[in-house]
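Dear colleague,

My findings follow directly after it.

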Amino acid sequence: MFQDKVVWITGASSGIGEAVAHEMARAGAKLVLSARREDELLRVAREIGTKDILILPFDVTDEDILSDVVKQVVDYYGRIDLLLNNAGISHRSYCIDTDMSTYRRLFEVDVFGQIALTQKVLPIMIRQKSGHIAVTASVAGKIGVASRSAYCAAKHAMMGFFDSLRAEVRQHNIRVSCITPGFIRTPVSENALNGDGSRYGKMDDDIKTGMDVSKAAKIIMRGLAKGGKEIVVSQWLESTGLWIKRLFPGLMFWIMAKRAEQEDFK
Ligand SMILES: NC(=O)c1ccc[n+]([C@@H]2O[C@H](COP(=O)([O-])OP(=O)(O)OC[C@H]3O[C@@H](n4cnc5c(N)ncnc54)[C@H](OP(=O)(O)O)[C@@H]3O)[C@@H](O)[C@H]2O)c1
């Protein structure tokens, strides 16, 4: 399915992006790996062991350079078959303790960075008359969770954006997939921000007991191969949560408030 396909993964220096990069390489894809830390991208490429990998470090919030990075991919491979918008950051803080600058930072990375890169890649896929754009959203894009108001807002925004985009681009034979992981064991909480924008730096218990990242990557691969519109990657807890939210939203709001009472972010 992915043999010789040009697959561009952002946030490939760690966690989910890194694990999907390994799976894509096994499936024979031609990879473009992006994130800010070039040394980590080089480590990932070395561990994958395939020679022909394009390492393209950049910050997704640096809008001015996006045209150039897209051009570099097209110059190198001639096309882009799949863009996985996976770069992202989270936070751990109640709304009352979250600086507006932290809200803006989350939105710059998790929302505007993805939209801006997608916009630059779209004309290429339209010209090719084919393509696939995916985003790593989250169960937090479906359920509002205490101490994650910026993150949930950003991930809800991405679900809405990509649902709209899907309707617009089907006529161009471009598929759109929203990946909605639950808790996956990655450094996501360590890399999260406190309300004042400093690094949170701890692995949460939910993440510690989350799904193994290689298992998550395999589920994502299967979902992408099928062109899944929503690819849920979760254990029973988050899957049950999604059903409760859909069928009994009032019950989910109550559960989330109860959960918040047990948190120590107050
Ligand atoms: N783990 C979970 O439980 C979970 C659940 C649902 C959704 N997700 C989503 O999955 C995606 C990947 O997260 P993860 O769990 O794999 O966490 P992670 O290990 O912290 O990975 C985040 C990736 O995003 C990159 N990144 C962060 N800011 C960036 C920026 N400004 N420009 C470019 N790249 C940037 C990081 O690389 P550099 O630092 O090198 O830039 C890193 O490669 C995120 O969108 C996250 O919200 C995770």
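**Findings from the predicted model**

D4 is found in the segment that precedes β1 (6-10). The model is a predicted one, and in it the phi of D4 is near 65°, a positive value in a residue other than glycine. Most residues other than glycine have a negative phi. D4 is partly exposed, its relative accessible area being 47%.

A positive phi also occurs at S147, with a value near 70°. S147 is placed in the loop between β5 and α5. With a relative accessible area of 4%, S147 falls under the 20% limit and is therefore buried.

The loop between β5 and α5 (149-169) also holds A146. A146 is partly exposed at 23% relative accessibility. From A146 to G160 the C-alpha to C-alpha separation is 21 Å, while the two are 14 residues apart in sequence.

R148 lies in that loop too, and it is joined to a remote part of the chain: its partner D204 sits in the loop between β6 (174-181) and α6 (205-208), 56 residues apart from it. The contact is a salt bridge between the two side chains, at 3.9 Å from N to O. D204 and R148 are both buried.

Strand β4 (residues 82-85) pairs with β5 in the parallel sense, over four bridges. Within this pairing, L84 has A134 of β5 as its bridge partner.

Salt bridges are the next topic. The search of the whole structure finds 15 of them. Two examples lie within helices.

- In helix α1 (residues 15-26), R26 and E23 form a salt bridge whose closest N and O atoms are 3.1 Å apart. The two are three residues apart, so about one helical turn separates them. R26 is exposed at 61% relative accessibility, whereas E23 is buried at 11%.
- In helix α5, R166 and D163 are likewise three residues apart, about one turn of the helix. Their salt bridge brings the closest N and O atoms to 2.9 Å. R166 is buried, with a relative accessible area of 16%, while D163 is partly exposed, with 34%.

Beyond these pairs, a network of salt bridges links E18, E40, R43 and E47.

Finally, which residues form a negative surface patch? They are D62, E63, D64 and E108. D62 belongs to the loop between β3 (53-55) and α3 (66-77). The relative accessible area of D62 is 31%, and the residue therefore counts as partly exposed.

With kind regards

Terms used:
Residues numbered from 1 in each chain as written. Predicted model: local features only at pLDDT ≥ 70, side-chain atom pairs only at ≥ 80, totals over all residues. Heavy atoms only, no water. Patch = residues over 30% accessible without salt bridge, like charges linked within 9 Å, V, L, I, M, F, W, Y side chains within 5 Å. Areas by Shrake-Rupley, 256 points an atom, 1.4 Å probe, with all protein chains shown as cover. Salt bridge = Lys/Arg side-chain N within 4 Å of Asp/Glu carboxyl O. Lys, Arg positive; Asp, Glu negative; His and termini not counted. Charge placed at Lys NZ, Arg CZ, Asp CG, Glu CD. Buried < 20%, exposed > 50% of the residue type's maximum accessible area, 1.4 Å probe, protein only. Pairing = 2+ DSSP bridges.
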